[in-house]
Amino acid sequence: MSTLTGTRHLVRLILRRDRVLLPLWVLVLAVLPMSYATSFFELFPTAAERAAYAAGTARNPSIVALLGPVYGESVGALTAQRGGFLLVIIALASLLTVIRHTRTEEEAGRRELLGGTVLGRYAGLTAALLVTYAANLLLGLLTAAGLVATGLPAAGSLAYGLAGALVGVVFATVGGLAAQLTETAGGARGIAIAVLGAAFALRLAGDAAEREWLSWLSPLGWGPRIRAYEGDRWWVLALPVVLSALLAAVAYPLSVRRDLGAGLLPPRLGPATAGESLAGPFGLAWRLHRGQILWWSVGFGLLGLILGGAAKAAGSSVEGNPQLEQIMTRIGGASGLAEAYLGATLSLAGLAAAGYGIQAALRMRSEETDGRAEPLLATGVTRTRWLLSHVLFALVGPAVVLAVTGFATGLTYGISVHDVPGELPRMVGAGLAQLPAAWVLAGLAVLLYGLLPRLAGVAWAVLAVCVLLGQLGAVLELSQWLLDLSPFTHTPQVLGDHWHATPLWLLTAVALLLATTGLTAFRRRDVPTT
């Protein structure tokens, strides 16, 4: 039997299981660069305007730290820089996909069942990597095609698309390697995300301090240095290919040196008896969710520090461009361009917080399908208490993330305008204003889980639609009824001069209605539902 026997069947199984989630992140990430290019063509029609914007961006270390350097004044160069942070999202999606179909499968016991069939030693890891590699390649080609459709040069578009695809390939392989090191999916995700964080920190430090050698040490720094549309240095694409091959050469031997279900790193032994905090479903839910809350808060706190520091300069960089001023004001509020920028960025934080709420709510689905919910519900724990224990964190988690983001943003922005006591509470309030809309999507996830658990993942598709409407709606001037489909459209811009709290109360009521309906439906259906 070959070491790759069964790989084709596992690939088909992965594609079937991810038939919604995989196309979703590929299509969303492919469309976003096209929206950036379209907006730049509209907002900066002359070379002088593009040159002024590029110069202002290059002088702002906070923007360069977040997005990367800008290497030219063309629409293509501006688009490549604007999409710099997408490399982080592509890397995150790739490593999570590989871990989901390797270590998570082992932890749930499904890999052992498959191992009882005719299956080669390398089939599981190979199938996960092949699917993720192919998804990234498709993402790169779709990105290039979309950019060409906007009028950008084909060579630069292909270079930019392949740069993102190969960053995804690198971190997919990082995920495959991390899956061999620990016996839990959470541990593997922690290792892989820590590597991603270190790579981002290296790229950030190198670009912000203009130390090129630091950025060259990070795979996230290689994408911008291809210089798409400004020279197209194709040889840089060899770096992620070589690194991926080296990581795979380490991951494959490790995958057969360990026992199935075990990791190479020794597990940390817990206490012999459970503490009082695990006496009920809420304590257990806290144990399951606390790591996510911590790392999301840390990540968005750091992001808030960068965004707040860039706000003042970002507002100045668009002065004199009436089209961009109109768009920024429409997105972020009417009380100054800096506050419009802050309103727009906090709206994006709200979308991300909604993602956290969906993830926390769908943890119930994974607990059920992995067989951990049924034994718990067979005890004295009622269905209502068990579901509410997870719903609590689907509601509290986004609140914590948005409060931390607002606090960090207000701190650095307050320092830049010499008014920390005044700006800090304003930015925390502006961040929390996004909370009811995020709750609506979390409530939708609870509803789908309780009513149609097999379709619970549709909540991610709804979030993707909200992202696209938020990114493209104002720029393309879409019809208002279409924009109103997103709950975030109804969120008032509290940084503006006049706003009303009524939409916030209505959104909160909708979220509670969705969650309550989901709870009622869950109490009436069978558990488990596969």
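In this predicted model, a salt bridge joins the side chains of Glu 212 and Arg 225, with a nitrogen-to-oxygen distance of 3.2 Å. The two partners belong to distant parts of the chain, 13 residues apart: Glu 212 lies in helix H12 (residues 212–216), and Arg 225 lies in the loop between helix H13 (219–222) and helix H14 (238–257). Glu 212 is partly exposed, at 37% relative accessibility, whereas Arg 225 is buried, with a relative accessible area of 0%. Salt bridges with shared partners connect Arg 203, Asp 207, Glu 212 and Arg 225 in one network.

The count of salt bridges comes to ten. Among them is the pair formed by Arg 525 and Glu 368, whose side chains meet at 3.0 Å, N to O. This pair links distant parts of the chain, since 157 residues separate Arg 525, in the segment after helix H25 (502–524), from Glu 368, in helix H18 (residues 363–369). Arg 525 has 12% relative accessibility and therefore counts as buried. Glu 368 is also buried, at 1% relative accessibility.

Because Arg 426 and Glu 423 are three residues apart in H21 (residues 420–432), about one helical turn separates them. Arg 426 is partly exposed, at 29% relative accessibility, while Glu 423 is buried, with a relative accessible area of 9%.

Helix H21 contains 13 residues and reaches 18 Å from its first C-alpha to its last, close to the 18 Å expected at 1.5 Å a residue. Its buried residues are Glu 423, Leu 424, Met 427, Ala 430 and Gly 431. These residues cover an arc of only 135° around the axis, and they therefore lie on the same side of H21. Exposed residues Pro 421 and Pro 425 are carried on the face of H21 that is turned away from the buried side. At the start of the helix, a side-chain oxygen of Asp 419 comes to within 3.2 Å of the backbone nitrogen of Gly 422.

The largest nonpolar core comprises 73 residues, of which Trp 25, Leu 139, Phe 171, Leu 196 and Leu 220 touch the most other members. The greatest contribution to this core comes from helix H10 (residues 154–178), which gives 13 residues. Apart from neighbours within four places in sequence, Leu 196 is in contact with Val 88, Ala 91, Leu 92, Leu 95, Phe 171 and Leu 220.

Thr 405 is located in helix H20 (residues 383–416). With a relative accessibility of 2%, this residue counts as buried. Thr 405 and Leu 303 are separated by 102 residues in sequence, yet their C-alpha atoms are 7.3 Å apart in space. When neighbours within four places in sequence are left aside, the contacts of Thr 405 are with Phe 300, Gly 304, Leu 346 and Ala 349.

Methods. Residues numbered from 1 in each chain as written. Predicted model: local features only at pLDDT ≥ 70, side-chain atom pairs only at ≥ 80, totals over all residues. Heavy atoms only, no water. Helix = DSSP H or I, 4+ residues; strand = E, 2+ residues; numbered from the N terminus. Buried < 20%, exposed > 50% of the residue type's maximum accessible area, 1.4 Å probe, protein only. Contact = heavy atoms within 4.5 Å. Salt bridge = Lys/Arg side-chain N within 4 Å of Asp/Glu carboxyl O. Core = buried A, V, L, I, M, F, W, Y, C linked by side-chain atoms within 4.5 Å. Expected span 1.5 Å × (residues − 1). Arc of directions from axis to C-beta. Polar contact = N/O pair within 3.5 Å; in protein donor to acceptor, adjacent residues only side chain to side chain.
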